[in-house]
Structures are given as C-alpha cells and as structure tokens.
Amino acid sequence: MLELIAVKGIYILMVFAAAAAFASSLLPNLFHGALALAAVLLAVAGLYLSLGAEFLAMVQILVYVGAVMTLVIYAVMLTGRLEETVTPSGRIQRAAAGVSCAIFFVLVCGVLLSTNWPAAPGGNPLPSVKDLGIDLMKRHVFPFEVLGILLFAVLIGALAAARREKS
Amino acid sequence: MIFGAGILKGMLVTLRSFVNSYFKKPDQGGLFTVEYPEKRLVAKERFRNFPFLVYDEKPEDPRCVACDICAKECPPKCITIVRDADAEGRPLKKPALFDIDLSVCMNCGICEEACPFDAIFMDHEFEIAGTERHQSLLYHKEDLLKSNGYFRQIRPSDAALIDARRKEAEDKKKAALKPAAPPEKKE
Amino acid sequence: METLFIQIKTLLVNAAALVLPPWGVTLSSMIISALAILGLGPLIMMYLTLMERKVLARMQNRIGPNRAGPWGLLQPLADGIKMLTKEDIRPSAADPLLYFLAPILIAVPALMVFAVIPFGKGMTAADLNVGVLYFVALSSTTTLVIFMASWGSRNKYSVLGGMRSVSQMISYEVTLVISVVPILMAAGSLSTQTIVESQSGRWYAATPWGLLSCMIFFICGLAECNRSPFDLPEAESEIVAGYHTEYSGMRFALFYMAEFMNVFSICALTVTLFLGGWQGPLLPSWLWFLIKTYLLIFIVFWFRGTLPRLRADHLMGLAWKFLLPLAVMNIPAAAMSHFLSEPFSTAVPLAILMVSVAVLSFFNKGYAAEKRVYHFTD
Amino acid sequence: MTPVPESHYLIFSLILFSAGIFGALTRRNALGVLIALELMLNAVALNFVIFSRTAPEGSASGQVSAFFIIALAAAGAAAGLAIVLAVYRSRKSIQTDDTNLLKW
C-alpha cells in the first residue's frame, strides 16, 4: 500500500515536472519561466530520490536550484526592466519548432521503447555516498580534476567578461 | 590591535548591562525603568501640569475674585471667566463661570505667575484622558476647585511661603482696619 | 525522562496500530513526526520573538514586553492575533501568483530542515545519510523564494532588498559549505546522528580546526538567515524592510517565522556539528540539546544587541577575502590532525591556522577601521 | 526498489528534453535559451541516473556522470551569464537577433 502511494507520488511528480518544463519554455515572462525551471529541477531532485540517488538529489538542489537558478534569475532581473521581461517570438518559428520537437519526440520515443537495454541481472546495488566518493576519486579522478580546472577557468573568465571596463 | 578586539569589547558592554539589569540596583547600573501604572515616580514639587483653583474654607468661596487677569495673560487663551453678580445685578468678587479648556492649555504656568490673589496654581494631576474629545477636557469651576490643604500636600514649600505671605497681609489688613482706606496688596 | 518523547510517539503509534492496517501504522508514524515538527516550528518562532525582545531590552536597560501574561509570556499570542486580524494588502501592480506563493514557500524549507536535526538521542525525524547536505541544500532554496517575494511585489525597495539578500546568501553559502567539510572528514559521514555520536569523546569545537570551523559556520549561518550584523537585506534605515516591504499581516508573519526558524535551525546545526549535539552528562539528551541551542540563540541576540550593521563591501569582503580562504585552509589543518600523532595533531593545525589568520589579517588590513582621534574628549 | 518501470522515467526525461529543445528554438532572449539549455542538460543527467540502476557498468559511474553534468551546467551558466551581461552592457539588449556582430 505504501509502495502504491509512492508510485502514485512519482507519477504525480513526473506530470508536475513535465508541465513545469513546458511552462518554462512557453511562458512569455522570462522570470516565470526561470521559476518554472526551478520547479522542474526540484521535481527532478525528487525523482533522483526515488531512484535512490540521495546525494545527487541534494547536489542538484544545492547547485542547480541554489546557485545556477539564482544566477539566472539575477541575470533576468539585471537585464530586463522590472515591469516587463516578456519577449514574444514569431508564430511561424513557434510552429516549426513545435513540429520538429514533436518529430524528435516520436522518433526518440520509438527508439527508446524498441531498444532492449543491457541490464545487470537483478539491478545494481544502490551506491552509498562513500562509494560515490571513492568512484569520484579513483576511477573518475581525471575528469574530476579537469572539471576543477574548468570551473576555475570559468570563474576567471566570468569575472573578466562581466567586469566593467574602465572608461 | 588584535583582530576583533573591538567587537569583544562591545560585546562585553552589552553583556554587562544584560547581567546588571537582573542583579543590580538602578543607581549601580541596573534597570531604572519604573513600571508606571503599578509604581510611579514621586513628582517633583515644582512639576507643573494643568492649573487648578484654590479655595480656603469651602468651595463656594474661592480665592479667585474673577479679575480676569489670568484669562488675559493666558497665551493660548484657554481660560474663560464670567463674574458672578448678586440678585440686583451688582458684580460680586467671585466667578460665576471659570472654564479652562485643557485641550488648549499648554501648561506654561503663566496664569499662576499672573494671579495677584494666589488663586490659581499648577496641579500635579496628569491622568486626564477622557473618552470624548471636547467636553471631557473642558474643566469647569467645580472640577477645578481644590482645597488649600491639597495645595499644601502637593507643593508644601510653596504653600508655606504663600500661606505666610497671606497671613501677613491679613494681619496688616486687620491692623489697618481702623484707617479708612484698606491697603491694597501690592505686586 | 530520557526517552520521554520517544515513548509518547510509541504510545501514539501503538494506539494507531489498534485501528489501522500495518502500512497505515508506518504512515501514521511518519505523520506524527511530521506533525511534531510542524507544531514545533511556529512554537519556536513565537517564543524566539519574545526571547529576542526580552534579551535586547535587558541589554538596553529596559524590561521588554511584560504586559500580556506573567513576564509577557502571552505576548506572542497577542502578536499572533494582531497579525491575523490585520488587513491583508496586495499592491495592485504586484505579480499575483508570486506575491501569493512567496510567503508560503519561504516557510517550507525552514520547516523541512528540522527533519534532520537530532533533537535528542534517537530523536531525528528523518535520519538521512546525507543529512548535512540536505540541510544546506534546502536552506539554499530560500534565495529563490526571496527573489519571488522581491520581484513579485513590484517595489524598488523589495527588489533592492532581494538583490542584497541573494548576493549575500550566495557568498556566504560557499563558505558555509566549505567550513563543514573538516567535520565531515572527521566524522566520516553526512548523517547528523552519526556526527553527534562521533563526538562522544570530544566535541569538535574543542579542537583548533573545529573551533575555527564552528566560528566560521556560525558567522556564515548568521549571514544566511539575514541576522544582525548581516541584516543589510532588511536594513530598515535604508530600504524599509527589504524583500518583505509590501507584506502585511499573516504573510509578513510567515516571513518572520521563517527567519526565526532559520535562526533556530542554524543554531541547532551548529550544536549538532560542533558542540556535541545532545551529548551531555546527567540531564536528558533533548534537554542538553535545547540548552546548547538556546545558548547559541542567545549569542545571536547578543550580536544583534551589540554590533552595528556591516557595510555592503565589508560584508562581501569578509566572506570572500577572509572567511573563505580561512575555511579552505582549515581543511588541510583538519587533515593534519587526522594523520599526526598527539602532540603534533593539535600543534600543527594550530600553527597552520594561526599563520593563515595572521596572513589574512595582513592582507585585509584595508578593512580595519582607522584609529579615531577624538579632539574634544579627555 | 522502484516499481516504476525504467521506460517511464526515460520517456519523462525525453519530454523534458523536447521541452528544452522547443524553448531553445523559440526563445529570442539569450537568457531564455540558457534556461532551455539547462532543462536539456538536466534531462540528460536524469538519464544517466536512470541507467545507473541497471547498466552493467555499475551504479556509481552513472551518478558520477550526472554529478559532472551538474557541475558543467553550473560552469556553463556562470560563463553564459557573464557573456550575457557583457553583451547587455554593450548592446543594451539580450535578444539573440541583436547580437549579430562578430566583432565589436
């Protein structure tokens, strides 16, 4: 019974996230769009929890919702005026984008459902936070370090790009 | 010169007053708040608020002679006096009407200084709030009249001075009763 | 006494087991924990407002609220009734949805973080194995809600306050997370319950790196919940009330509640991570926890009563140029103490930290206030 | 543990991705495009986590990859926003149609 409730909860979360995802792409007001994206990210964090990836869910909330979304909204507020951040797009463009999205969706959906994904028998055991850390520091240490360098470069690059030139 | 020493110093100041507020007397740095409705500070003798009228023996004979000096001197003009008259219409030396609009009064005490008959003084009473804006603050003669005893009670040293002066004048008056012209009180 | 609350819960669950199927019992156990937390939040907030007013008053040689009930104990109730009966004003230009949602959403993370706080032995509502991360992650979502409130109410003071608040929270969050790392390294776990248990011998705040970590964490926590002296987002003398300028009545009360619950949870987490949590002799564990937490809350109010508000550039400078490098230096210091034996395991981290404090102080000399010359005193 | 079949998760993440593509194609605001990109990146990260449950490579790798994606998205957002701000400063607009010069 509890499991049934949990399953229903997951589906509700999915529907909510999908609706919020479309809202984030469709809402004319960019601020609302960004908030809808934040809702999607929170819902996806919930799905991570349902998949047993607790650590990732927390990182998702911390980094995505706490930092990235805040940056995006900050930029929305800095670049748009307070009253209106609405930017319309052409009807033909919308229609073309919709059609191509639908085609993409149908094609990939077909592929997804027809493929027989290789699966470990009985599924993998859930990795603990410790396993993740060991994996990150042993098997994936090179990408990890590269990522560190990348973040450092981005930090400096962002500072350099956003800095006001002295006039 | 240590990093944050100023912050620590400031924190100690507030902590000291926090602790003192529980354990010390007001004069040693403790709480000096007086919780007003339950406890109250004793008003200083010369504290002045609103004026009142003094009578000597009974309220029907106030010291006031309705000379209208206070009403004329009053800067905001809050005093209204109507002189009393006897049955034939001759004016009497006492007020028929003595109103002070306390909503206008500015507590200056000029009436007290101006009165040549020591009839009007400043009171210590300050809790005069009413539920109504105009009538409750318009004090009539009956509300204003208070005994000399009350005056002695709230302002003992002033009262002693004034009583002595009045007694002296009375004695002089009695002594000079034989000559025709009674000496007017000067100043 | 020790297991008072656990026994109450068991009693309730057993009562539920009489009428409910097994899955309902599990569910009701969860719901009881959740309800306890939901009830605790507002209660804590109500009495923290009273405590703050009392403490501040005493520091300023006043008495504080004492009219409603003995020692003003009913004052929070009176305030609550006042808030409830106040007119609910919505600015006509406000964004209706955001304006409506923000006060509700701001209370959600503030309440949810209580789930991982170990109020006593075995008294964690949800002992997640990523507890600390959960706490930090959830409190970081507050920034979004503050954006919603500030942008939704269409008021320039709100927007200014929101911008200030968010830039401040983002800056201090980085330091906050890094300052916890040494503790996580020492405890080897992210679960709050495990961290408390690992401090049975010695509190982490009793080690040099732990003490520094504790101080950094506490300062950053203050900045995170916009408490004085980091209350620039709500600086009433400059920008009215910051992001909740336009809110009144119960909506405002929700913002206020979130702020006080954040204060409580930051203090509770500081106790959990550094001050031994519910560990303590004689008294029951939950009482120890509450005593420690309320002592820290007293310190928060003490700061409020003492320190003036920081200037915006000093605020950012403190976070990025002093606390962050110090927190980073703290990680190798903590590692040293782990790998060295006794006399060195204290001395070497201490030396590292003292050198880094000295170096950082030297480089931050520009922030020191000039020595003032008072011409007409003495 | 999850009674929800994997394919449902996959279709859900595909929906997210499609919504992201739609947004990226229709938004004229550079920030809007950035938002759509974040959506797509998140869909991909979700896919990694889904596959980490069953893929023969082991479960930690998938989560670590998702972790990398999150970090990359953060880096991308930071760099992108810096660029957007720089563009806004020079052109007073962040419409993608207006950024039509290769050199300023």
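Of the 3 pairs of chains in contact, chains A and D share the most contacts. This is a predicted model. Its overall scores are ipTM 0.74 and pTM 0.81. Chain D has an average pLDDT of 80, and 86% of its residues reach at least 70.

Start with chains A and D. Their contact involves 71 residues of chain A and 64 residues of chain D. The largest share comes from α3(D), with 23 residues. What kinds of residue make up this side of chain D? It divides into 44 nonpolar, 16 polar and 4 charged residues.

Now turn to chains A and C. Here 20 residues of chain A are in contact with 24 residues of chain C. Two helices of chain A, α2 (30-50) and α3 (54-79), each supply at least two residues of the side that touches chain C. Which of the elements gives the largest share of this side? The answer is α3(A), with 13 residues. By type, this side of chain A holds 17 nonpolar residues, 2 polar and 1 charged.

The table sets out the two sides just described.

| Chain A, touching chain C | 17 residues | 2 residues | 1 residue |

Some pairs of chains do not touch. No contact joins chain C and chain D, and their closest C-alpha atoms lie 13 Å apart. Chains B and D do not touch either. Their nearest C-alpha atoms are 35 Å apart.

## Domains and cores

Chain A is assigned two domains: domain 1 (1-86) and domain 2 (127-167). Their C-alpha centres lie 23 Å apart.

Next come the nonpolar cores. In soluble globular proteins, nonpolar side chains tend to be buried together. The largest nonpolar core in this model has 193 residues. Which of these residues touch the most other members? They are A:Ala34, A:Val40, A:Met69 and A:Val72. The helix α3(A) gives the core its largest share, 19 residues. Domain 1 (1-86) and domain 2 (127-167) of chain A each contribute at least three residues to this core.

Take A:Met69 as an example. Which residues is A:Met69 in contact with, leaving aside neighbours within four places in sequence? In chain A they are A:Ala34, A:Leu37, A:Ala38, A:Leu41 and A:Tyr64. A:Met69 is also in contact with C:Leu144, in chain C.

There is a second, separate core of 24 residues. Its members include B:Ala66, B:Cys70, B:Ile79 and B:Ala159.

## A look at chain B

Chain B has 6 helices and 6 strands. Along the sequence, they follow the pattern α-β-α-β-β-α-β-β-α-β-α-α. Why is chain B described as more spread out than a compact globule? Its radius of gyration is 25 Å, whereas the globule rule gives 16 Å for 187 residues. The value for chain B is well over that figure, so the chain is more spread out than a compact globule. Its C-alpha atoms fill a box of roughly 90 × 45 × 30 Å along the principal axes.

How much of chain B is buried? Of its 187 residues, 18% count as buried. Consider the contacts in chain B with a separation of 6 or more. Residues 24 or more positions apart account for 64% of them.

Conventions:
Residues numbered from 1 in each chain as written. Chains lettered and ligands numbered in written order. Contact = placed C-beta atoms within 7 Å. Helix = DSSP H or I, 4+ residues; strand = E, 2+ residues; numbered from the N terminus. Nonpolar A, V, L, I, M, F, W, Y, C, P; charged D, E, K, R; others polar. pLDDT = per-residue confidence, 0-100. Rg over C-alpha atoms; globule rule 2.2 N^0.38 Å. Buried ≥ 20, exposed ≤ 12 C-beta atoms within 10 Å, placed from the backbone. Domains from an automatic or database assignment. Core = buried A, V, L, I, M, F, W, Y, C linked by C-beta atoms within 7 Å.
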